[in-house]
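Work through the exercises below with the sequence and the model at hand. Each task is followed by a solution in steps.

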Amino acid sequence: MLNHNQFKAIIFDLDDTLYLEKDYVLSGFNAIAEELANYGISKDESYQYLYDYFDTKGRAGCLDSLLDTFKHIEAMPTIEELLLLYRSHQPTIRLSELVKTTLTKIQNQGIKTAIVTDGLGQMQKNKVAALELEKYVDHFIYCWDLGAPKPAIEGFKLALSKLQCPAENCILVGDNPEHDIKPAYQLGIYSIRLLQGRFKNIPDNQNYPANQHCLSVHTLFET
């Protein structure tokens, strides 16, 4: 539970914080499978291949493995072309109703919000649009566009400036102990680490520990 009297603004991470990044990955796989159908490969077959690879081995190398599996197909797209498709596709991702309710509660409390996120700028902007976050969040900071990817503090400092809020009156909510919690600690921002997504089993950096742990965003404002 948050002390609303002390904190005036919240900085959120995006991926694996406000939604599960796995949903974006699978949306990208679907876009790739649709493209490969133009080359005579069953959409279901290529999607299932990518899904199974991701489920057992993670993202790294999945497209290389896919292309190697179907190398007998003539004129297949290159790895660069598939990566571009993945990064530029319009994702089919949605906020959960619980997260929508939480963000609405935050708005109704008069608490200002910002998102500080890593990743290619257009890719992250496509996620923001698909999730309709403009309805709930005041400011968006794209760290790669700044030339300051996390855990650099520049994106968080810019968020504090846009929020017109000193660090001691702000909360950081994120899932990554290095990319979210560490810069918050360095700036003196109270940090809440969400134990969800692909980093949930990674321990805190003991030099930059989170102030609090939480299982999901919606539990922050439960009453």
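The second largest pocket has a volume of about 210 Å³. The model is predicted, so local features need pLDDT of at least 70 and side-chain atom pairs count only at pLDDT 80 or more, while totals for chains, interfaces and linings use all residues. Residues are numbered from 1 along each chain as its sequence is written, and side-chain values use heavy atoms, with hydrogens and water left out.

**Exercise 1. The second largest pocket**

Task: State which residues line the second largest pocket, and divide them by class.

Solution. 
Step 1. A pocket is an open set of points on a 1 Å grid over the protein atoms alone, where a 1.4 Å probe fits and protein lies on both sides within 12 Å along at least five of seven lines; lining residues have an atom within 4 Å of a point. Grid points are joined across faces, edges and corners, and the volume is the space filled by probe spheres set on the points.
Step 2. The lining consists of D16, L20, E21, K22, V25, F54, R59, G197, R198 and K200.
Step 3. Ala, Val, Leu, Ile, Met, Phe, Trp, Tyr, Cys and Pro count as nonpolar, Asp, Glu, Lys and Arg as charged, and the others, Gly among them, as polar. The lining of the second largest pocket then has three nonpolar, one polar and six charged residues.
Step 4. Helices (H or I, at least four residues) and strands (E, at least two) are DSSP runs numbered from the N terminus. With three residues, α1 gives the most to this lining.

**Exercise 2. The largest pocket**

Task: Describe the largest pocket by its volume and its lining.

Solution. 
Step 1. The volume is about 650 Å³.
Step 2. There are 29 lining residues, and E21, R59, G119, M123 and R198 lie nearest the centre.
Step 3. Two or more lining residues come from each of α1 (21-36), α3 (62-69), α4 (79-88), α6 (121-131) and α9 (177-187). The largest share, four residues, belongs to α4.
Step 4. By class, the lining of the largest pocket has 12 charged, 11 nonpolar and six polar residues.

**Exercise 3. Salt bridges**

Solution. 
Step 1. Side chains of opposite charge can pair when their charged atoms come close. The rule here asks for a side-chain nitrogen of Lys or Arg within 4 Å of a carboxyl oxygen of Asp or Glu.
Step 2. Because E21 sits in helix α1 and R198 in the loop between β5 (190-194) and β6 (212-214), the pair ties together parts that are 177 residues apart in sequence. E21 is buried at 10% relative accessible area, whereas R198 is exposed at 51%.
Step 3. K150 is in the loop between α7 (143-146) and α8 (154-163) and D180 in helix α9, 30 residues apart. Both K150 and D180 are buried. A network of salt bridges links D13, K150 and D180.

**Exercise 4. Cysteines**

Solution. 
Step 1. A disulfide is a pair of cysteine sulfur atoms within 2.5 Å. The count is zero.
Step 2. For C170, the nearest cysteine sulfur is that of C165, 4.9 Å away. C170 is buried, at 0% relative accessibility.
Step 3. The sulfur of C214 has its closest cysteine sulfur in C170 at 16 Å, too far for a bond. C214 is buried, at 10% relative accessibility.

**Exercise 5. A loop residue**

Task: Is N205 buried or exposed, and which side chain does it contact?

Solution. 
Step 1. N205 is in the loop between β5 and β6.
Step 2. With a relative accessible area of 18%, N205 is buried.
Step 3. The side chains of N205 and E178 are joined by a polar contact of 2.9 Å. A polar contact is a pair of N or O atoms within 3.5 Å; within protein, one must be able to donate a hydrogen and the other to accept it, and residues adjacent in sequence count only if both atoms are side-chain atoms.

Conventions:
Buried < 20%, exposed > 50% of the residue type's maximum accessible area, 1.4 Å probe, protein only.
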